[in-house]
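Here are my notes on this model, point by point. Please read them with the structure open.

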Amino acid sequence: LVPYLRELRVLAMNQEGYIGGETLKRYDDPEQFMVISTWQSIEDWQNWFGNPERTEIQDRIDNLLGRKTEYEIYQYK
């Protein structure tokens, strides 16, 4: 999983509007990860989400995990 996450990070770094990100591993369940990425706008995120290269890597991740990745969008207030 981790190599795929790194691959996604490298792609994201070259995507317009990408500010930064971090990958967290759950302390009490090292099989669970959370990836947080920060974007300049929701439109930049949506462009990234629709990126075919990202989708292909995400499909490999989902196949590895045996389930679809969950996404949630938050904004600063």
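**Notes on salt bridges, rings and a buried arginine**

1. R60 has a relative accessible area of 27%, so R60 is partly exposed. The cut-offs are under 20% relative accessible area for buried, over 50% for exposed, and partly exposed in between (1.4 Å probe, protein chains only). This is a predicted model: local features need pLDDT of at least 70, side-chain atom pairs count only at pLDDT 80 or more, and totals for chains, interfaces and linings use all residues. Residues are numbered from 1 along each chain as its sequence is written, and side-chain values use heavy atoms, with hydrogens and water left out.

2. The structure holds 3 salt bridges. The term means a side-chain nitrogen of Lys or Arg within 4 Å of a carboxyl oxygen of Asp or Glu. One of them joins E7 to R60, with the closest N and O atoms 3.6 Å apart. This pair links distant parts of the chain, since E7 is in helix α1 and R60 in helix α3, 53 residues apart. Helices (H or I, at least four residues) and strands (E, at least two) are DSSP runs, numbered from the N terminus. E7 is partly exposed, at 32% relative accessibility.

3. R60 also bridges to E56, at 3.0 Å between the closest N and O atoms. Both residues lie in helix α3, 4 residues apart, about one turn of the helix. E56 is partly exposed, with a relative accessible area of 44%. Shared partners join E7, E56 and R60 into one network.

4. D28 pairs with R26 in another salt bridge, the closest N and O atoms being 2.6 Å apart. D28 is exposed at 57% relative accessibility. R26 is partly exposed at 41%.

5. What is the charge setting of R54? R54 is buried yet has no salt bridge, and the nearest side chain of opposite charge, D59, is 7.0 Å away. Here Lys and Arg count as positive and Asp and Glu as negative; His and the chain ends are not counted. R54 is found in helix α3 (residues 52-65). The R54 side chain reaches the backbone oxygen of F49 at 2.9 Å. The charged end of R54 also sits over the F49 ring, 4.3 Å from its centre. That label needs CZ of Arg or NZ of Lys within 6 Å of the ring centre and within 35 degrees of the ring normal.

6. Now the aromatic pairs, of which there are 6. Rings of Phe, Tyr and Trp (its six-membered ring) pair if their centres lie within 6.5 Å; planes under 30 degrees apart count as stacked, over 60 as edge-to-face and the rest as tilted. Y18 and W39 have ring centres 5.1 Å apart and planes at 70°, so they are edge-to-face. Y18 lies in strand β1 (residues 18-25) and W39 in strand β2 (residues 33-39), so the pair ties together parts 21 residues apart in sequence. Both Y18 and W39 are buried.

7. F49 and Y71 are edge-to-face too, because their ring centres are 4.9 Å apart and their planes at 90°. F49 lies in helix α2 (residues 42-49) and Y71 in the segment after α3, so this pair ties together parts 22 residues apart in sequence. F49 is partly exposed at 36% relative accessibility. Y71 is partly exposed at 35%. Ring pairs link Y18, W39, W45, W48, F49 and Y71 into a cluster.

Methods: Polar contact = N/O pair within 3.5 Å; in protein donor to acceptor, adjacent residues only side chain to side chain.
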